[in-house]
Amino acid sequence: MSEKVLIRPHGGARWAIVAVVVAYVTVVIVVPLFALVATVAGDLRRVLEEILDPGALHALMLSAVVAVIALAVNGVAGVVGALVLVRQRFWGKRALDALIDMPLAVSPVMTGLAFLLLFGRGGWLRPVLDAAKLEVMFAFPGLVVATLFVTLPFTIREVALVLDEIGTSEEDAAATLGATSWQAFRLVTLPNIRHGLELGTTLTVARALGEFGAVLVIGGAISGKTQTATTFIHTAIDERRDATAYGIALILAAAAAALLVVLQRRPRKGT
Amino acid sequence: MTTRELQTSSWIPRAARPADTSTARARNRWTLLLRGGFAGYVTVLVALPLLALVVRGLSVGPRGLWEAITAPVAADALVLSLVTSLIAAVANGLMGLAIAWVLVRWDIPGRKLLSALVDLPFAIPTLVAGVLLVALYGPQTTAGSVLSTYGLQIAFAKGGVVLALLFVTLPFVVRAVEPVLRELDHAEEEAATTLGASTWTTFRRVLLPPLLPALAAGTVQVFARSLAEFGSLAAVSGNIPHRTLTAPVYVLGEVERGEPASAAAVSVVLLAVALALQLASRSLVALVDKRRV
Amino acid sequence: MGIRARNLSKSFGSAKVLDDVSFEIEPGELVALLGPSGGGKSTILRIIAGLDTADAGEVWLGGARVDGSHTRERHVGFVFQHYALFRHMTVRDNIAFGLSVQGAPLEHQNRRVAHLLELVGLEGLQDRMPSQLSGGQRQRVALARALAPEPKLLLLDEPFGAVDAKVREELRRWLRRLHDEFHVTSIFVTHDQEEAFAVSDRVLVINKGRLEQAGSPLEIVEHPETEFVASFVGEVNVFDAAMRGGKAWVGPLSTKAAIGPLSEKDREPPGDGTRVRLVVRSYDLKFWRDDSGTAVVKRVITLGDRVRVEAVLDGGSPIFAQFPRRSSLLTGIDAGSRIAVEITHARAWPMA
């Protein structure tokens with residue numbers, strides 16, 4: 001394969017394309033961002049006051065906690081799932097594979113509805129919940145379940161990608177050298193999938209923080225109980241508390257920007 | 001040369017200790033445990049709720065389904081969803097290819113920044129995206145008021161829906177096409193040039209064909225994602241029935257009205273479309289892998 | 001540790017990769033598995049190591065049956081074709097890995113690593129990462145790593161395939177030296193005959209999943225037991241010939257020939273008209289300038305130390321021979337010259 005060299009675009013046609021691309025991205029992405037910052041900056045004092053509202057802070061904290069739980073659970077499930085999908089062969093693997101991608105195809109509201117039908121009044125799992133004295137609908141566990149659903153695919157896909165690329169030879173070598181399966185996993189596999197894991201968990205956290213539709217339906221946006229940052233913003237807009245809404249939105253946008261930094265460290269494939 | 005023993009100390013490696021003939025059975029147990037545990041987790045978390053949804057949706061019977069989706073508000077919502085998603089797919093399909101091209105092949109100042117901006121929609125909550133657009137184009141802002149004098153109220157209008165979708169789905173085609181672009185061999189282009197092909201011809205006949213499956217797959221993803229989009233639209237479009245109400249928002253409305261059955265019915269239709277699109281996307285991806293020499 | 005394989009068979013889907021392979025390897029031997037690519041050699045190695053399992057047959061290591069046991073219980077050192085070094089560990093950690101996972105005290109580990117680094121000639125490189133090493137260096141680290149836990153058996157899968165020619169020669173010589181010092185039973189897989197013959201005590205020729213012949217390099221060359229071995233080893237002319245009057249005839253050229261493998265030397269020579277495959281090594285031929293000869297030279301190629309003369313027999317069959325550069329036989333031979341041909345040694349394999 002010949003050397004990959006980036007060329008400096010030459011000629012009017014090429015620079016025209018660059019101009020169009022930049023303009024498009026600017027209009028679609030940059031300008032809205034700017035507008036948000038400008039709007040907040042324009043009303044900074046009020047925004048700061050509103051943010052410090054305990055309701056707002058609680059909402060942010062709730063989102064953070066749910067995101068961390070999703071990170072932990074689907075992080076582990078992601079690694080296990082990737083190992084199972086890439087290294088094992090069994091009947092029903094295709095179906096499992098398709099199931100894992102489903103959360104990407106389902107609209108968040110439908111997700112909420114699905115869980116409503118499962119855990120709500122007259123739902124299939126209602127008897128189980130009642131017996132265990134567990135509340136899912138309009139309660140914290142519901143938020144967690146919904147978030148787990150929507151964040152399922154991310155870590156699995158990224159780790160599976162890396163596992164597939166690397167192959168089994170290092171693990172085979174470890175086996176010949178006397179390592180147990182756990183040792184081989186801990187000392188050889190884990191370090192090798194670190195980048196995929198990082199990327200996957202970052203996407204998981206981003207998605208978890210951003211989840212709105214499902215938690216709205218399942219949680220009901222009950223202030224102080226199931227009000228996540230996103231539903232808080234929604235409620236604030238409904239109540240015409242624009243400053244608050246923009247403030248929290250900016251905070252989430254800033255968190256996203258931080259996550260973006262990690263995402264950008266993604267190794268460029270194909271070179 | 002004398003025969004030297006490898007052993008140089010008192011620690012005895014396993015190889016030299018008395019033979020240990022344990023079987024490979026323990027490993028198989030773990031394998032099955034992990035497989036079963038994971039499959040169980042996915043089944044309960046994903047399959048079960050979706051099953052509940054489908055069953056409820058289908059429980060209204062084919063007649064009920066038909067009525068649910070042809071109810072005036074629902075029908076308009078579905079049509080709006082489909083049309084706007086199509087627009088987003090085409091727009092971000094073309095622009096996605098252009099953006100990927102610029103990012104992968106050309107050395108421009110600010111390339112890293114551009115790449116980061118393209119990734120932003122992956123990181124940012126969709127609701128916040130909606131808020132951004134309201135902040136920018138809502139009637140209270142300069143841009144908004146200017147536009148409204150020209151009768152083009154973006155926020156609370158169809159344009160807002162499309163804009164929100166463009167924001168949210170921008171990265172998909174770019175990221176789908178990028179790896180394929182990177183893997184393209186310069187040597188093939190050079191061969192085409194030595195054989196007398198113009199830039200456009202080379203692009204059309206050497207570079208584009210391998211990109212098409214990835215491009216198509218990415219575009220289908222954009223379409224599917226747009227159909228499902230909810231968060232950004234809840235804020236932007238103001239949810240005026242018949243004008244800016246999309247299907248997912250309609251479903252929410254039905255749920256809030258206490259009509260889970262009709263909500264489920266429309267959901268089933270959306271789900272069916274989403275599944276069809278998933279299948280299409282998968283076959284396209286398989287096509288990519290098959291054609292790769 | 002000796003190795004015994006009995007009736008190993010394996011199929012991948014509908015393709016039969018190993019077909020009833022049996023062999024024995026004595027403790028301390030250095031054996032080569034030689035054969036064309038895809039013939040099943042690597043599969044045999046992996047089955048011995050426990051990385052793959054045979055569909056049928058048994059494997060005995062050191063007198064104990066190991067079919068059911070896991071790779072890590074077999075204590076075999078394995079050197080992979082593409083090294084499979086742990087990319088995130090330093091050279092030192094790679095080499096020490098086997099000792100570390102088996103719980104060896106740190107002091108012992110450090111001593112072994114130092115000893116092995118010296119052995120493979122990589123002193124001072126213990127803190128490098130694999131990505132900072134050349135191919136030859138990586139291979140030596142792979143070897144050191146495999147040897148560190150003192151395995152009773154060393155398996156090498158095309159160990160020198162991924163490095164260039166000069167480095168390969170060096171590594172070969174060095175593997176042989178290592179074996180002479182430590183006498184660990186070793187098996188290595190290769191498709192390069194020169195390598196197999198230069199390094200090993202004994203060669204097992206494997207083709208299409210079958211063991212064609214097992215023997216010393218000399219036996220393989222001088223007394224091939226099957227047609228495949230005869231035509232695979234060395235540079236040979238292979239002709240379709242017919243028997244007449246106890247001799248094999250190719251066009252105007254005739255020669256006495258040993259029929260079939262050595263083990264069947266007392267068999268009746270085939271009758272007139274029998275078609276045979278005649279195998280003549282490039283150095284078992286004499287050419288000399290003769291206007292009444294039976295062949296015409298097409299090309300004379302100088303291959304460094306040797307000269308290769310390619311000619312065509314009257315009747316159309318191509319024929320070639322190789323001579324040392326200073327050979328007097330080459331006098332006057334150029335493209336277009338007419339030459340006489342004499343076969344000094346040949347083997348004929350009756351066609352079924």
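This is a predicted model: local features need pLDDT of at least 70, side-chain atom pairs count only at pLDDT 80 or more; totals for chains, interfaces and linings use all residues.
Me: What makes chain A and chain B count as being in contact?
Reply: Two residues are in contact if their C-beta atoms lie within 7 Å. By that criterion, 78 residues of chain A are in contact with 75 residues of chain B. Helix α1 (residues 12-42) of chain A supplies the largest share of chain A's side, 15 residues.

Me: How is the side of chain A that touches chain B divided by class?
Reply: That side of chain A has 59 nonpolar, 14 polar and 5 charged residues.

Me: How are helix α3 and helix α9 of chain B placed relative to each other?
Reply: The axes of helix α3 (residues 72-105) of chain B and helix α9 (residues 199-228) of chain B come within 8 Å and cross at roughly 145°. The crossing of α3(B) past α9(B) is right-handed.

Me: Which residues meet where α3(B) passes α9(B)?
Reply: From α3(B) they include Ser81(B), Ala88(B), Asn92(B) and Gly96(B), and from α9(B) they include Leu215(B), Gly218(B), Val222(B) and Phe223(B). The contact has 8 nonpolar, 9 polar and no charged residues.

Me: How do you know that chain C has two domains, and where do they touch?
Reply: The bounds come from an automatic or database domain assignment, with domain 1 covering 3-227 and domain 2 covering 235-350 of chain C. Their centres, taken over C-alpha atoms, are 39 Å apart. In chain C, 5 residues of domain 1 are in contact with 6 residues of domain 2. Domain 1's side of this contact has 1 nonpolar, 2 polar and 2 charged residues.

Technical notes:
Residues are numbered from 1 along each chain as its sequence is written. Chains are lettered from A and ligands numbered from 1 in the order in which they are written. Helices (H or I, at least four residues) and strands (E, at least two) are DSSP runs, numbered from the N terminus. Ala, Val, Leu, Ile, Met, Phe, Trp, Tyr, Cys and Pro count as nonpolar, Asp, Glu, Lys and Arg as charged, and the others, Gly among them, as polar. Axes are lines fitted to C-alpha atoms, for helices over the stretch in contact, and angles run from 0 to 180 degrees between N-to-C directions. A crossing is left-handed if the near helix is turned anticlockwise from the far one by less than a right angle, and right-handed if clockwise.
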